[in-house]
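Please look over the sequence and the structure shown below before reading on.

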Amino acid sequence: MDNAQGRQNCQIRPPTISTKINQKRIITGLLKMNILITGGAGFIGSAVVRLAIGEGHSVVNVDSLTYAACLENLASVRNNSRYSFEQADIRDRSKIDEIFNRYMPDCVMHLAAESHVDRSIDDPSSFIDTNINGTYNILELSLRKKILKK
């Protein structure tokens with residue numbers, strides 16, 4: 001305990017060599033995966049989609065195309081044979097289940113969210129519904145399809 005400030009000293013441990021190797025193998029494409037990315041038409045999501053396609057992975061982009069989406073950011077991968085787009089809302093469990101069954105992803109990168117704070121003031125219920133219930137749908141389906149155990 002650091003008595004002067006009344007808090008514990010924390011040490012951040014660097015990643016182990018094996019962790020760095022595994023991360024590099026995934027990023028550099030030595031392990032080619034079928035990745036389902038939610039929110040893939042958003043600012044960050046579209047960059048992740050382009051990177052994954054560029055590294056040789058197959059990508060299923062699931063986005064509801066709300067105010068934050070910009071399909072122009074995906075123009076460079078739109079016609080790639082390893083890219084698929086599904087317009088769907090993560091709150092629609094049956095539609096998301098259908099997408100999981102059709103594409104059978106190896107992993108899921110969940111980036112979909114209501115994220116503009118100023119909008120949350122006017123309509124907090126849509127933030128709760130998407131960010132909590134929608135995320136629950138993705139997690140529950142990932143667990144049921146055993147995606148988290150691969």
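This is a predicted model: local features need pLDDT of at least 70, side-chain atom pairs count only at pLDDT 80 or more; totals for chains, interfaces and linings use all residues.

Residues are numbered from 1 along each chain as its sequence is written, and side-chain values use heavy atoms, with hydrogens and water left out.

**The chain as a whole**
- The protein chain has 5 helices and 4 strands, where helices (H or I, at least four residues) and strands (E, at least two) are DSSP runs numbered from the N terminus.
- Along the sequence, these elements follow the pattern α-β-α-β-β-α-β-α-α.
- Of the 150 residues in the protein chain, 32% count as buried, meaning under 20% relative accessible area with a 1.4 Å probe, protein chains only.

- The 4 strands form an open sheet in the order 3-2-1-4 with parallel pairing, and two strands pair if DSSP finds at least two bridges between them.
- Strand 3 (83-87) and strand 4 (107-110) are the edge strands, each of which pairs on one side only.
- Strand 2 (residues 58-63) and strand 3 pair in the parallel sense over 5 bridges, and Val60 stands opposite Ser84 in strand 3.

**A helix across the sheet**
- Helix 3 (residues 93-103) lies across strand 1 (34-38), strand 2, strand 3 and strand 4, and runs at about 165° to strand 3; axes are lines fitted to C-alpha atoms, for helices over the stretch in contact (heavy atoms within 4.5 Å), and angles run from 0 to 180 degrees between N-to-C directions.

Key:
Buried means under 20% relative accessible area, exposed over 50%, partly exposed in between (1.4 Å probe, protein chains only).
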